[in-house]
Amino acid sequence: MASPVEQFRQALQKGCEVSVKELDTLLLLLTEKKRKLEQEETERNMQILLEFLQCLRKQKADELNEIQNDLQYVKEDTNAVERHRIELYRARDRYSVKLRMLADDSMSTKAWSSSIDKNSSGLISTSQNTHGGMRTANFLYKKTEGKAQVSSLGGPQRKDAFSGLSSQNISQSGLAVARKKRVMLQFNDLQECYLQKRRQLPNKSHNQEEGDTNVMQREGYTAGLSDFQSVLNTFTRYSRLRVIAELRHGDLFHSGNIVSSIEFDRDDGYFATAGVSRRIKVFDFSSVVNEPADVHCPVVEMSTRSKLSCLSWNKFTKNHIASSDYEGIVTVWDVNTRQSVMEYEEHEKRAWSVDFSRTEPSMLVSGSDDCKVKIWCTNQESSVLNIDMKANICCVKYNPGSSIYVAAGSADHHIHYYDLRNTSRPLHVFSGHKKTVSYVKFLSNNELASASTDSTLRLWDVKDNLPVRTFRGHTNEKNFVGLSVSSEFVACGSETNEVFVYHKAISKPVNWHRFGSPDVDESDEDAGSYFISAVCWKSDSPTMLAANSQGTIKVLVLAA
């Protein structure tokens with residue numbers, strides 16, 4: 001049905017007679033209608049603009065409030081640090097005065113003793129006095145294992161001491177400049193870390209831990225500032241990865257050299273390697289580091305039926321180590337007898353991962369391409385628990401604080417976190433990775449790190465079921481490149497043949513090291529296909545092991 005306007009238009013076109021008065025009336029009505037519509041449109045536009053401005057005002061007010069709060073945190077912390085710095089200077093001055101007083105007392109005592117000896121003997125020759133004087137210029141306080149040194153009391157020796165201190169000050173100054181540069185390079189990440197910690201713990205005071213001797217720096221700090229100081233100190237302490245030892249796992253350029261897993265034993269005295277060579281090799285760490293050799297021989301070597309994917313030492317029974325292989329077999333070995341203790345053959349496809357529980361030494365978990373997570377007990381010949389999942393399982397890990405919690409990384413891009421007392425559904429599913437989850441490792445009872453072939457690492461809070469941070473910098477799109485964690489650092493490999501180290505509070509790498517070899521031509525087409533295949537930290541130390549697809553194993557240490 002045509003609108004009134006359309007009907008009127010059609011009537012005029014058909015020659016309908018309309019008087020001038022009627023036309024004026026119509027024009028007046030149309031003008032009023034137009035004005036009303038324009039006013040309504042203007043009101044609507046003004047309402048939209050007003051709502052936008054109100055929303056923007058609220059947002060900026062919130063931002064201003066947050067900035068003001070952040071600025072207040074910075075002011076409070078600046079004042080706290082300034083106060084403690086003054087206390088440090090005062091303590092240093094008191095220490096210097098005390099040393100000078102001790103030195104002066106010693107000089108007075110020696111001079112008095114020398115005078116007594118001279119008066120009592122009366123016949124000491126000039127040459128004897130000279131030699132005796134040299135003998136009495138003994139060192140008061142010698143340097144022992146990095147401790148302070150006070151030189152002998154003679155003039156030349158004291159001058160040398162001050163020269164040494166001056167050189168040391170120059171060296172320390174250079175280190176301070178380098179550390180400041182590292183701060184500026186990662187300033188945005190450090191700022192985010194500081195503000196996150198201060199906002200989470202705004203007024204909570206730092207509690208002095210038992211045995212914490214750093215009272216001067218920490219007393220009176222808020223928990224957030226104390227936590228951030230710890231991050232900053234650790235982050236700026238190291239500038240590179242230094243190679244302290246290197247060994248070959250086999251013949252160069254042989255595809256069977258790929259090391260799939262490398263793990264330290266319970267006491268960090270030995271480490272084991274395994275891979276496609278179908279052998280588990282155990283090396284004495286001390287010998288590898290302290291005895292230079294082109295090829296270090298393993299102290300134990302065990303042959304297996306299939307290629308190996310993963311190793312896990314038992315943290316209670318020192319000589320027991322578990323392996324998973326390409327045929328789906330999970331084996332527990334005794335490295336002393338070089339024999340298998342138990343063999344489990346329930347997995348129907350390749351088993352990618354195995355892990356001993358840290359709290360229950362007889363329990364271990366495995367994950368496989370058959371989409372199953374299996375719990376084993378070394379006292380039983382078959383699995384004690386099965387979890388059926390919908391996608392391939394690439395990695396499994398027990399929570400270090402409990403044998404009832406297990407994390408499993410899957411080809412479905414997720415990490416499934418289970419309470420083994422109820423496996424009907426996961427306790428939580430962590431989502432965020434865009435591709436297969438290849439590794440999961442616990443930094444602590446509440447912190448879980450994961451690696452994926454989407455070229456990222458992620459940190460999760462398994463207590464509050466929250467994502468914490470995403471780490472980017474390495475390249476990982478198709479291979480298993482290794483993942484290892486300490487309480488502060490996360491290390492992984494890269495398909496660029498490099499090892500990367502991240503601090504858990506910083507999303508970008510803090511250090512990295514590229515594998516190279518004098519036997520490898522970097523212009524060779526194959527050189528670009530080499531990748532890091534396994535990494536492992538030495539407990540909570542700055543030392544780590546890393547292996548690549550050529551079979552080269554390096555001992556690396558974080559250095560200043």
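**Rings, a pocket and a helix**

Modeller: This is a predicted model, and in it K554 lies over the face of F515, at 4.6 Å from the ring centre.

Biologist: Which ring does the charged end of R350 sit over?

Modeller: That would be the ring of Y326, with the charged end of R350 4.0 Å from its centre.

Biologist: OK, ring on ring now. How many aromatic pairs are there?

Modeller: The count comes to 17 aromatic pairs. Take F271 and F283: their ring centres are 5.3 Å apart and their planes are at 20°, under the 30 degrees cut-off, so the pair is stacked.

Biologist: Where in the chain do F271 and F283 lie?

Modeller: F271 is in strand β3 and F283 in strand β4, 12 residues apart. Both F271 and F283 are buried.

Biologist: And F489 with W537, why is that pair tilted?

Modeller: Their planes are at 35°, with the centres 6.1 Å apart, so the pair counts as tilted. F489 lies in strand β23 and W537 in strand β26, so the pair ties together parts 48 residues apart in sequence.

Biologist: Switching topic: what volume does the largest pocket have?

Modeller: About 1,500 Å³. Among its 31 lining residues, V81, V183, Q229, L232 and N233 are the closest to the centre.

Biologist: Which helix gives the largest share of that lining?

Modeller: α2, with 13 residues. By class, the lining has 17 nonpolar, seven polar and seven charged residues.

Biologist: α5 next. Which of its residues are buried?

Modeller: D189, L190, C193, Y194, L195 and R198. Helix α5 also supplies at least two residues of the largest pocket's lining.

Definitions and conventions: Residues are numbered from 1 along each chain as its sequence is written. This is a predicted model: local features need pLDDT of at least 70, side-chain atom pairs count only at pLDDT 80 or more; totals for chains, interfaces and linings use all residues. Side-chain values use heavy atoms; hydrogens and water are left out. Buried means under 20% relative accessible area, exposed over 50%, partly exposed in between (1.4 Å probe, protein chains only). Helices (H or I, at least four residues) and strands (E, at least two) are DSSP runs, numbered from the N terminus. On a 1 Å grid over the protein atoms alone, a cavity is a set of points where a 1.4 Å probe fits but cannot get out, and a pocket is an open set with protein on both sides within 12 Å along at least five of seven lines; lining residues have an atom within 4 Å of a point. Grid points are joined across faces, edges and corners, and a volume is the space filled by probe spheres set on the points. Ala, Val, Leu, Ile, Met, Phe, Trp, Tyr, Cys and Pro count as nonpolar, Asp, Glu, Lys and Arg as charged, and the others, Gly among them, as polar. Rings of Phe, Tyr and Trp (its six-membered ring) pair if their centres lie within 6.5 Å; planes under 30 degrees apart count as stacked, over 60 as edge-to-face and the rest as tilted. A charge sits over a ring if NZ of Lys or CZ of Arg is within 6 Å of the ring centre and within 35 degrees of the ring normal.
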